[in-house]
Amino acid sequence: MPTSRRHREDLEESQLYSYPHHLRAAAENAPTSAGVYVLHGERDDLPLYIGKSVNIRARLLSHLRTPAEARLLRQTRRITYTCTAGEIGALLLEAQQIKQLQPLFNQKLRRNRQLCSLQMTGDQPQVVYSKDMDFANSPELYGLFASRHAALDALRSIADQNRLCYGVLGLEKRVPGKPCFRASIKQCAGVCRGDETPEAHRQRLLSSLLELRIQCWPYVGAIGLVEQDGKHSQIHVVRNWCYLGSAMTTEEARQLSTVAAGFDADGYKILVRPVLTQSVNTLLL
């Protein structure tokens, strides 16, 4: 009797969402603590995926939520993991390993060589690049962007939301003595035709940029963030918003603190809140 179409679909779906037999032991025996896990394929030198969780075992066992995750598991040949003392350590280690190992299915945390920001120069924000200046210690930087195009798009969005003048911002060429087109359709508040002062325009721009402001590194050198989970502790060494590694002792942490450190966008996003609020015990190294 031929297999019905519905039966075939049910069979395919059941196979799709069945945890691969050769991975079950690794997943079920994984620790319930925080950390980073790596899904390895046929090529051991190129991981398929790197992830993090506050509970590695639970996260691995949940990796069947979508067809894409199920297909990823079918390509996986083995699973390795590294435990951390908490969520901050897991976030930092995940970002670091993704940059170093370049797994096939991780995209967001890969190294960005064109990192740029907006910096106020007079009345106009200018696009500046991390390769040309130290983002960790340069004041008046706004936003972290993957490209000049993305930075200018963000500036246009700010202008649209706040009725700022494209001409004054340098987003379009100004015609001397004439207002911009957007002023005529009330999308610009009219600084270009004298309806508001340049200073008022500048202040509205600065106010709208404020939420994008990049915080300067608040320490002279490196610090250690101490994280504990009851079983063990780690000291995460950071300088200029860049994660340099984790250590078990203060002496090991001091040795890591001498490693060269440049601004890291992912490190900044992970660390800015706990560092500035001092929600984690901090050591000066």
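At a relative accessibility of 39%, R163 counts as partly exposed, a value that, like the others reported here, was computed from a predicted model. R163 is found in the loop that runs between α6 (148-162) and α7 (166-169), and its phi is near 55°, a positive value in a residue other than glycine. Most residues other than glycine have a negative phi. N240 likewise has a phi near 55°, positive although the residue is not glycine, and is placed in the loop between β8 (233-239) and β9 (242-247). With a relative accessible area of 14%, N240 is buried, because the limit for that class is under 20%, whereas R163, at 39%, is partly exposed.

Two packed helices are described by the angle between their axes and the distance between the axes. The axes of α6 and α9 (residues 198-209) come within 10 Å and cross at roughly 120°, and the two helices are therefore oblique to each other, since an angle of 65 to 115 degrees would count as roughly perpendicular and one over 145 as roughly antiparallel. The crossing of α6 and α9 is right-handed. On the α6 side the contact is made by L155, I158 and N162, and on the α9 side by R204, L205, S208 and L209; sorted by class, the residues in this contact are four nonpolar, two polar and one charged.

Among the α9 residues of this contact, S208 was examined individually. S208, which lies in helix α9, is buried, with a relative accessible area of 14%. A polar atom of the S208 side chain lies 2.7 Å from the backbone oxygen of L205, a residue that is itself part of the contact between α6 and α9. When neighbours within four places in sequence are left aside, S208 is in contact with I158, N162 and L164, and of these I158 and N162 are residues by which α6 contacts α9.

A further serine, S33, lies in the loop between α2 (21-28) and β1 (35-40) and, at 14% relative accessibility, counts as buried. Apart from neighbours within four places in sequence, S33 is in contact with S53, V54, N55, I56 and C83. Between S33 and A253, which are 220 residues apart in sequence, the C-alpha to C-alpha distance is 23 Å.

How values were computed:
Residues numbered from 1 in each chain as written. Predicted model: local features only at pLDDT ≥ 70, side-chain atom pairs only at ≥ 80, totals over all residues. Heavy atoms only, no water. Helix = DSSP H or I, 4+ residues; strand = E, 2+ residues; numbered from the N terminus. Buried < 20%, exposed > 50% of the residue type's maximum accessible area, 1.4 Å probe, protein only. Axes fitted to C-alpha atoms, helices over the stretch in contact; angles between N-to-C directions. Parallel < 35°, antiparallel > 145°, perpendicular 65-115°, else oblique. Left-handed = near helix turned anticlockwise from the far one by under 90°. Contact = heavy atoms within 4.5 Å. Nonpolar A, V, L, I, M, F, W, Y, C, P; charged D, E, K, R; others polar. Polar contact = N/O pair within 3.5 Å; in protein donor to acceptor, adjacent residues only side chain to side chain.
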